[in-house]
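Reader: Hey, I've just opened this one and I'm new to it. Could you walk me through it?

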Amino acid sequence: MISIEQLCRKNIWSLAPYSSARNEYAGREARVFLDANENPYNQPFNRYPDPLQLELKEALSKVKGVPAENIFLGNGSDEAIDLPYRCFCEPGKDNVVAIEPTYGMYKVCADINDVEYRPVLLDEHYQISADRLLAATDSHTKLTWLCTPNNPTGNCLNREEVIKVIEQFEGLVIVDEAYSDFSSQPTFRAQLSKYPNLIVLNTMSKAWGCAAIRLGMAFASEEIIQLFNKVKYPYNVNLLTQQQALEALKDPFEVDNWVKILLQERSRMIDAFAMLPICEKVYPTDANFFLAKMSDAPTIYNYLVDKGIIVRNRHRVQLCENCLRITIGTKTENSELIAALRQF
């Protein structure tokens, strides 16, 4: 691969990052804080949070099996999606390649950063071809986006094809594993030491049930993480988010139990959908949702909205015509959805 320095935007590589008050005394004991123009009252919310979230990264390191120095934490995964564009892609000059269909924020961030976005269609089984992805790249392609399990299709991408992309692409490969806790496939974050061009995304929003606290993470080489930390806003993860994440991480066994229940419900829901006359096909899934091809997705979607039941209409997404994406809820919520569809 090309070196990280060569891939990085020159102005970013030479950037002198903002040095926050909390950075400057890091590693030393302090009792009196008169450096950051804070209000001395209303503790602990009067103080700026740790800009590098060191305590939280240490806790995550134990759960995720990744050294703390290889972890970046952001305001949701969206920040971790945006930063590679800002660090590595020259606006109006560089481009990125991604599978299609996939998570929409990859393209939104490309458009915001004025970076050409090159989608490569999956096949009829929602699988990738490494050769086709690589063929879409050129000397100005800095990033390749792969989501596995993929959204909205739900399936894991062929691992051998993903590895082929990582090994043959000279830029950075970003593997979004937001739904990996629901899959039996091994995660790519265990491969960071082998592939210096690999960035793996994860989130507290899905299996951990913490979508409201907005905590996303990126796992990568220390060199890439340091670039992200240079470019991010100084206090990008607030104290309340850090505290709640630490609390959630104390009981990973509860999360394991949630995942087990959701997978059981997923099987029940897929079987129920397969028996619906209005359902033509349920696609294989490794996530906490599934994609179902319906007889008339827009009409069925509107019918459910009138019933107060919200699913995701993916009818207008390429390769997903007449498809609804169904998130697995509680047993009661799932049963209510099935009952409504049986009356359609």
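Predicted model: local features only at pLDDT ≥ 70, side-chain atom pairs only at ≥ 80, totals over all residues.

Reader: Is β7 itself buried or exposed?

Author: Strand β7 (residues 215–219) is largely enclosed by the rest of the structure, because five of its five residues are buried. Buried here means under 20% relative accessible area.

Reader: Which residues sit on which side of β7?

Author: Leu215, Met217 and Phe219 are on one side, Gly216 and Ala218 are on the other, and all of them are buried, so both faces are covered. As a rule, side chains in a regular strand alternate between the two faces of the sheet.

Reader: Got it. What does β4 pair with?

Author: Strand β2 (residues 95–100) pairs with β4 in the parallel sense over four bridges, and Val97 has Thr144 in β4 as its bridge partner. Strand β5 (residues 172–176) also runs parallel to β4, and five bridges join the two. On that side, Leu143 stands opposite Leu172 in β5.

Reader: How many residues of β4 are buried?

Author: Seven of the seven residues in strand β4 (residues 141–147) are buried, so the strand is mostly covered.

Reader: New topic: the nonpolar core. How many residues has the largest one?

Author: The largest nonpolar core has 51 residues. Among those with the most contacts inside it are Leu73, Leu133, Leu198 and Leu215. Leu198, leaving aside its neighbours within four places in sequence, is in contact with Ile166, Val173, Val175, Phe188, Gln191, Leu192, Phe219 and Ala220. There is also a second, separate core of 33 residues, which includes Leu7, Leu143, Leu201 and Phe228.

Reader: Let's go to the open sheet of four strands. What is its order?

Author: The order is β8-β9-β11-β10, with antiparallel pairing. Its edge strands are β8 (279–282) and β10 (312–313), each of which pairs on one side only. Strand β9 (residues 289–294) pairs with β11 over five bridges in the antiparallel sense, and Leu291 stands opposite Arg325 in β11.

Reader: Where else does Arg325 turn up?

Author: Arg325 is in the lining of the largest pocket. Together with Tyr103, Asn151, Tyr179 and Lys206, Arg325 lies nearest the centre of that pocket, among 27 lining residues. The elements giving two or more residues to the lining are α5 (76–88) and β11 (323–327).

Reader: How much space is in the largest pocket, and what classes of residue line it?

Author: About 540 Å³ of space lies in the largest pocket. Its lining has ten nonpolar, eight polar and nine charged residues.

Reader: And cavities, how many of 30 Å³ or more?

Author: The structure holds one cavity of 30 Å³ or more. The largest cavity has a volume of about 90 Å³, and its lining includes Thr148, Pro149, Cys156, Glu177 and Phe188. By class, the lining has five nonpolar, five polar and two charged residues.

Reader: What kind of peptide bond joins Thr148 and Pro149?

Author: A cis one, with omega about -5°. Pro149 lies in the loop between β4 and α8 (159–168). The bond from Glu100 to Pro101 is cis as well, with omega near 5°, and Pro101 lies in the loop between β2 and α6 (105–112).

Reader: Last one: which residues have a positive phi without being glycine?

Author: Asn42 is one of them, with phi of about 70°, and Leu319 has a positive phi near 70°. Asn42 is in the loop between α3 (21–24) and α4 (54–64), and is exposed, with a relative accessible area of 57%. Leu319 lies in the loop between β10 and β11 and is partly exposed, at 38% relative accessible area.

Notes:
Residues numbered from 1 in each chain as written. Heavy atoms only, no water. Core = buried A, V, L, I, M, F, W, Y, C linked by side-chain atoms within 4.5 Å. Buried < 20%, exposed > 50% of the residue type's maximum accessible area, 1.4 Å probe, protein only. Contact = heavy atoms within 4.5 Å. 1 Å grid on protein atoms, 1.4 Å probe; cavity = no way out; pocket = protein on both sides within 12 Å on 5 of 7 lines; lining within 4 Å. Points joined across faces, edges and corners; volume = space filled by probe spheres on them. Nonpolar A, V, L, I, M, F, W, Y, C, P; charged D, E, K, R; others polar. Pairing = 2+ DSSP bridges.
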